[in-house]
Amino acid sequence: MLHRAFKKLDKTLTFDVASAHCDIPCKIYDPSTATIAALSVVRMIDLMEELHNKKDSSLQAMNTFNRYVREKEDQARICKNEIIIIWGDYFKQPQLEKFPEVHGLVHSIMMAASKTKQEPSREAGLKLVDLVNQFAEIFWQTKNVKTKRATCPFPPSLEVVYPELG
């Protein structure tokens with residue numbers, strides 16, 4: 001019933017039709033969310049390892065450990081989603097012609113993020129961060145923005161790609 005009412009209203013009142021070719025307005029994509037998620041995966045693995053080494057089997061420790069695992073899983077998923085969105089929505093033919101390796105790189109990121117979900121491997125987490133850094137460098141190159149690598153100012157204190165702004 002509500003649908004019919006809106007359909008009549010739409011015929012009576014003429015509304016301008018809006019359309020877009022991206023999910024979000026163009027030019028505001030940024031791989032920083034994927035970078036932070038990849039760093040968070042490594043941090044959660046580090047915290048899991050620290051707690052495991054304490055050999056504490058209390059209910060509180062088990063709860064904390066499970067929270068770390070859940071967060072690691074969530075951050076790996078966020079990383080994958082952010083990369084897929086940029087690759088699928090932002091990268092068009094001109095960028096793909098200039099950086100044909102991006103398809104394989106995105107696939108490698110998907111596999112690395114999945115690996116961090118399958119096992120608490122710091123090495124897999126470090127690989128994920130490295131691959132996301134490579135993706136970030138390509139992304140910023142498509143926008144003619146220079147990048148730099150610097151150690152992030154929070155744990156796990158790994159080197160990440162930052163755009164040089166200003």
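How close do the axes of α3 and helix α5 (residues 102-118) come, and at what angle do they cross? They come within 9 Å and cross at roughly 170°. Here an axis is a line fitted to C-alpha atoms, for helices over the stretch in contact, and angles run from 0 to 180 degrees between N-to-C directions. Angles under 35 degrees count as roughly parallel, over 145 as roughly antiparallel, 65 to 115 as roughly perpendicular and the rest as oblique. The helices α3 and α5 are therefore roughly antiparallel to each other.

The model is predicted: local features need pLDDT of at least 70, side-chain atom pairs count only at pLDDT 80 or more, and totals for chains, interfaces and linings use all residues. Residues are numbered from 1 along each chain as its sequence is written, and side-chain values use heavy atoms, with hydrogens and water left out.

The protein chain contains six helices and two strands, in the order α-α-α-α-α-α-β-β from the N terminus on. Helices (H or I, at least four residues) and strands (E, at least two) are DSSP runs, numbered from the N terminus. Of the 166 residues in the chain, 36% are buried; buried means under 20% relative accessible area, exposed over 50%, and partly exposed in between (1.4 Å probe, protein chains only). Contact means heavy atoms within 4.5 Å. Among contacts between residues at least 6 apart in sequence, 63% join residues at least 24 apart.

Helix α2 has 22 residues and reaches 32 Å from its first C-alpha to its last, close to the 32 Å expected at 1.5 Å a residue. The expected span is 1.5 Å times one less than the number of residues. Just after α2, Lys-55 takes a positive phi of about 55°.

Gln-75 is buried, with a relative accessible area of 12%, and it touches Ala-37, Ser-40 and Val-41, not counting residues up to four places away in sequence.

A further partner of α3 is α6. The axes of α3 and α6 come within 12 Å and cross at roughly 25°; the two helices are therefore roughly parallel to each other. The crossing is left-handed, a term used if the near helix is turned anticlockwise from the far one by less than a right angle (right-handed if clockwise). Among the residues that make the contact are Ile-86 and Tyr-90 of α3 and Val-132 and Phe-139 of α6.

Aromatic rings form the last topic. Rings of Phe, Tyr and Trp (its six-membered ring) pair if their centres lie within 6.5 Å; planes under 30 degrees apart count as stacked, over 60 as edge-to-face and the rest as tilted. The whole structure holds five aromatic pairs. In one of them, the rings of Tyr-29 and Tyr-90 have their centres 5.9 Å apart and their planes at 55°, so the pair is tilted. This pair links distant parts of the chain, 61 residues apart: Tyr-29 lies in the loop between α1 (2-12) and α2 (32-53), and Tyr-90 in helix α3 (residues 59-90). Tyr-90 and Phe-139 form a tilted pair too, 5.1 Å centre to centre with 55° between the planes. That pair joins helix α3 to helix α6 (residues 122-142) across 49 residues. Both Tyr-90 and Phe-139 are buried, and Tyr-29 is buried as well. Ring pairs link Tyr-29, Tyr-90, Phe-91, Phe-135, Phe-139 and Trp-140 into a cluster.
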